[in-house]
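Subject: Structure handover

Hello,

Please find the structure below.

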Amino acid sequence: MDSKRSHKYCTLKQLCSILCILFLTSCTWVKDEYDDCRVGFWLNLHYTYNILDVEAAPEYVKEVSVYVYDSIGNYVSRIDVPQTELADNQYKVRIKGLPEGDYQFVVWSGIANNQYAVSGDKSTMDEYSLSLAGSSAMVAAPLPDLFYGYLETVHYDDTYATHDVWMMKDVNQLVCLFVPLSEDTALSADDYNMMLVSANGTMDVMNMPVSDVPITYLPYERTAVTIDDAEYGKLNGIGFSLSTLRLMEDLDCRLVFQKADTGETLFNISLPEYIGMIGAFYTNLGRPLTMQEYLDRQDFYHIVFFLSEDFSTLIRLEVNSWRLRVNNHIKL
């Protein structure tokens, strides 16, 4: 090979090597610029505040709306991110175009559903609220998932930064079974009504209930059931399925069970008080959950009330996989 051809070959080889290096290192040639080139201000969304304490954001968090407020709570902007973009960015949201300064970020997932309504979304933080849509104080349908997250005041500028935002689920699904301890009792679900009553239908910007108006949650499904219990044998009962917004330890929430024909109340109990007892059986970082932590982490409850034949006395209570025997039985 003569010197000119050899020089040309080496030049082409060197050029290819340079192009390969540029391809591997250039931010414009890679998909995940925040990983490879570390630019921009990012909110990293997590949903580990669940009963299993595992990362579940990719499975449950869909589109999100990010509300940006300044350090004293004035509205700055709203950023809506579709699920496809969230997935492409591995559940990180990039914040762009803000003047350098200190900001707060409120993140909701699920508010695009028409069963929820937002008020004051372009006002101060104090004026913001999220509520069930419509003027009715009754809900008789499954509620779509709703998640909330908040990042307190942080500084925003042009340097690379990633901030974790921990999401909480605000919707609970309940399946309640009422089972009298009598093998001969045949029940019809239409003969009884069940409801959940609580003033938890409106949340403020910090995800706390702020309305005094009680919401009545009615079952969207009811059915007769038969269970085969190890202690009591085969028993007939009735089951109801319903949804509710966030359950609070210190907010009254009544589970009411009635006869349909007369409206007679067979019992009326505080739901958080009864199901919150289970929280002590779960731990996080080696300590038992508080009642409120349990109510926030658990989003599904399968509750079985084993009752006397006339429904007047609670004999045994089951919540999910836990069985609680009631000492001295409770007169309802």
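The largest cavity is lined by Tyr 116, Leu 130, Ser 131, Leu 132, Leu 146, Asp 170, Gly 201, Met 203, Leu 245 and Arg 246. A cavity here is a set of points, on a 1 Å grid over the protein atoms alone, where a 1.4 Å probe fits but cannot get out; lining residues have an atom within 4 Å of a point. The space in the largest cavity is about 40 Å³. Grid points are joined across faces, edges and corners, and a volume is the space filled by probe spheres set on the points. The count is 1 cavity of 30 Å³ or more.

Strand β7 (residues 129-132) gives the largest share of this lining, 3 residues. By class, the lining of the largest cavity has 6 nonpolar, 2 polar and 2 charged residues. Ala, Val, Leu, Ile, Met, Phe, Trp, Tyr, Cys and Pro count as nonpolar, Asp, Glu, Lys and Arg as charged, and the others, Gly among them, as polar.

Before you go on, note the ground rules. The model is predicted: local features need pLDDT of at least 70, side-chain atom pairs count only at pLDDT 80 or more, and totals for chains, interfaces and linings use all residues. Residues are numbered from 1 along each chain as its sequence is written, and side-chain values use heavy atoms, with hydrogens and water left out.

Now the overall picture. The protein has 6 helices and 24 strands. These are DSSP runs (helices: H or I, at least four residues; strands: E, at least two), numbered from the N terminus. Of its 332 residues, 47% are buried. Buried means under 20% relative accessible area, exposed over 50%, and partly exposed in between (1.4 Å probe, protein chains only). Among contacts with a separation of 6 or more, 65% join residues 24 or more positions apart. A contact means heavy atoms within 4.5 Å.

Next, the pockets. A pocket is an open set of grid points with protein on both sides within 12 Å along at least five of seven lines. The largest pocket has a volume of about 210 Å³. Its lining has 13 residues, and Asn 50, Ile 51, Leu 52, Tyr 60 and Asp 299 are the closest to its centre. That lining divides into 6 nonpolar, 2 polar and 5 charged residues.

The second largest pocket has a volume of about 160 Å³. Of its 12 lining residues, Leu 132, Ser 136, Thr 202, Val 213 and Ile 215 lie nearest its centre. The classes here are 5 nonpolar, 7 polar and no charged residues.

Thr 202 sits in strand β14. Thr 202 counts as buried because its relative accessibility is 18%. Beyond four places in sequence, Thr 202 touches Ser 129, Leu 130, Ser 131, Met 208, Pro 209, Val 210 and Ser 211.

On to the cores. A nonpolar core is a set of buried Ala, Val, Leu, Ile, Met, Phe, Trp, Tyr and Cys residues joined through side-chain atoms within 4.5 Å. The largest has 55 residues, and Trp 108, Phe 178, Phe 257, Ile 303 and Phe 305 have the most contacts inside it. Strand β22 (residues 300-307) gives the most to this core, with 4 residues. A second, separate core has 26 residues, including Leu 43, Val 66, Tyr 91 and Tyr 156.

Tyr 91 is also one to check for its backbone. Most residues other than glycine have a negative phi. Tyr 91 has a positive phi of about 60°. Tyr 91 lies in the loop between α4 (83-88) and β4 (92-95), and is buried at 8% relative accessibility. Asn 207 also has a positive phi, of about 65°. Asn 207 is in the loop between β14 (202-204) and β15 (215-217), buried at 1%.

Leu 86 is in helix α4 and is buried at 0%. Leaving aside neighbours within four places, its contacts include Leu 45, Val 64, Val 81 and Tyr 91. The C-alpha atoms of Leu 86 and Val 61 are separated by 9.1 Å, and the two residues are 25 apart along the chain.

Last, the cysteines. How many disulfides does the structure hold? The count is 0, where a disulfide is a pair of cysteine sulfur atoms within 2.5 Å. Cys 176 is buried at 0%, and Cys 253 is buried at 2%.

Best wishes
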